[in-house]
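Subject: Structure for you to look over

Hello,

Here is the structure I said I would pass on. My notes follow below it.

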Amino acid sequence: MPVWNQESFRTHSATETLQDMSLDTLFFKNSLLSWLVAHGTSVVVFAALLLLRRVIVRRALAMSAKTAMKWDDTLAELLRQTSAPFLFVFALTCGARLLSLPDRMSVALNTIVIVVLLIQVGIWLTAAARDILERYRADKLPNDRSTATMIGAISFVVQLVIWSAVLLLVLDNMGFDITALVASLGVGGVAVALATQNILGDLFSSLAIVLDKPFVLGDFIIVDDLLGSVENIGLKTTRLRALSGEQLIFSNADLIGSRVRNFGRMYERRVLFPIGVTYQTPRRDLERIPDMLRAAIESQDDVRFDRAHFASYGDFSINFETVYYVLSPEYNRYMDIHQAVNLSIHEQFEDATIEFAYPTQTLVLTRGVASTRELETTPA
């Protein structure tokens with residue numbers, strides 16, 4: 001007669017359980033065979049959906065690259081943004097349709113499906129809005145940089161609205177009271193605003209920059225002693241690319257409170273320059289110099305002459321002052337024109353033997369004059 005101990009009893013019970021288990025054994029009102037078929041269906045559907053998404057996205061991208069239309073590019077982007085968790089939940093639902101689930105499990109599964117679907121819809125809407133706005137920004141940037149600058153703020157607002165709506169719908173489907181939640185946000189919003197006032201200050205400053213447009217993307221600006229081209233206007237900071245290559249990052253609130261010199265709004269450049277000639281220059285040549293200066297300027301293209309005058313007597317020179325306008329904001333163009341003007345002036349002065357002045361001092365010595373006068377005025 002075999003000796004039975006506790007370990008032998010457990011092994012015997014497990015063996016009998018496995019032997020008694022068959023495909024008709026019920027688990028949660030469904031046979032083992034039904035569970036296996038449902039799981040197999042979910043796996044096959046999920047794998048098929050992943051493969052189908054990959055093939056469709058590849059063909060959609062290839063087709064959009066061959067056409068000039070924009071809607072097919074957006075459609076390809078939406079297909080690419082279809083997430084694997086969404087496909088998994090869809091496949092799981094297909095398998096669950098083959099089972100008879102308890103009411104609580106069915107309700108939980110339906111809630112999960114709705115939540116995942118809402119999140120996926122939010123991803124689709126966000127991707128579509130971002131793609132459309134980015135294409136619009138790219139089209140407007142070469143000709144209308146101010147409109148292109150607003151696209152970043154518009155994109156943020158659109159995404160905020162989309163995901164706020166998705167969050168409220170998700171909470172509503174999960175059984176939360178949205179009305180009470182929205183009412184409580186009013187009190188909590190005050191506390192959050194006080195805690196994040198610096199961040200909110202930069203946020204509202206970015207909106208002020210976008211709406212008031214003191215500068216736009218691509219403008220060359222100077223803030224205090226820092227200068228560069230505007231690369232990006234974000235929600236908290238604005239980034240500039242300096243002439244020496246490094247990136248300058250400014251807080252939006254600091255920019256709003258600073259004095260900004262915007263060279264991107266320059267339509268023409270005013271040039272004022274002085275010229276000094278020696279005091280030994282004859283008067284007839286002094287009368288000719290303003291005409292020489294005018295001729296040197298008007299011989300150039302893209303300029304507008306303003307004035308040239310005998311301005312003042314200096315310590316060591318007779319000074320002339322000249323003003324003209326370069327009809328282009330480009331700095332390199334201004335330097336090319338001014339160089340040509342200087343060379344023309346030098347050539348005319350050289351032909352007329354007019355000498356440019358440079359710092360000099362003349363020392364006059366008189367010796368014995370005072371004593372001679374005294375002798376002449378002394379009575380005999």
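Leaving aside its neighbours within four places in sequence, which residues is Asn252 in contact with? Asp202, Ser205, Ser206 and Ile209 are on the list, and so are Gly234, Leu235, Lys236, Thr237 and Thr238. Asn252 itself lies in helix H9, which covers residues 252-256. With a relative accessible area of 0%, against a cut-off of under 20%, Asn252 is buried.

Please keep in mind that this is a predicted model.

Overall picture

The protein has 380 residues, and 29% of them count as buried. There are 12 helices and 10 strands. Of the contacts with a separation of 6 or more, 63% are between residues 24 or more positions apart. The accessible surface is about 25,600 Å², and carbon and sulfur atoms account for 61% of that.

Confidence

The mean pLDDT is 78, with 76% of the residues at 70 or more. By element, the highest mean pLDDT, 95, belongs to strand S10 (residues 318-326), and the lowest, 46, to helix H12 (residues 369-377). The pLDDT is also below 50 over residues 1-12, a stretch that has two contacts in the model beyond near neighbours in sequence. Over residues 14-20 the pLDDT is again below 50, and that stretch has one such contact beyond near neighbours in sequence. Where pLDDT is low, the predicted coordinates should not be read in detail.

Helix H11

H11 runs over residues 331-351. At 1.5 Å a residue its 21 residues should span 30 Å, and the end C-alpha atoms are 31 Å apart, which agrees. Its buried residues are Tyr334, Ile337, His338, Val341, Ser344, Ile345 and Phe349. These cover an arc of only 130° around the axis, so they sit on the same side of H11. On the face turned away from that buried side are the exposed residues Asn332, Gln339, Leu343, Glu350 and Asp351. The buried residues of H11 pack against strand S8 (269-277), helix H10 (283-298), strand S9 (303-313) and S10. Just after H11, Thr353 has a positive phi of about 55°.

Nonpolar cores

The largest nonpolar core has 24 residues. Those that touch the most other members are Phe273, Val277, Ile289, Tyr324, Val341, Ile345 and Phe349. At least two residues of this core come from each of S8, H10, S9, S10 and H11. H10 supplies the largest share, six residues. Ile289, leaving aside its neighbours within four places in sequence, is in contact with Val277, Phe320, Phe349 and Ile354. There is also a second, separate core of 12 residues, among them Val223, Leu240, Phe250 and Leu255.

His39 and Leu98 are 59 residues apart along the chain, and their C-alpha atoms are separated by 9.6 Å.

Regards

Methods. Residues are numbered from 1 along each chain as its sequence is written. This is a predicted model: local features need pLDDT of at least 70, side-chain atom pairs count only at pLDDT 80 or more; totals for chains, interfaces and linings use all residues. Side-chain values use heavy atoms; hydrogens and water are left out. pLDDT is the predictor's confidence in each residue, from 0 to 100. Helices (H or I, at least four residues) and strands (E, at least two) are DSSP runs, numbered from the N terminus. Contact means heavy atoms within 4.5 Å. The expected span of a helix is 1.5 Å times one less than its number of residues. Buried means under 20% relative accessible area, exposed over 50%, partly exposed in between (1.4 Å probe, protein chains only). The arc is that of the directions from the helix axis to the C-beta atoms. A nonpolar core is a set of buried Ala, Val, Leu, Ile, Met, Phe, Trp, Tyr and Cys residues joined through side-chain atoms within 4.5 Å. Accessible areas come from the Shrake-Rupley method with a 1.4 Å probe; for residues, only the protein chains shown count as cover.
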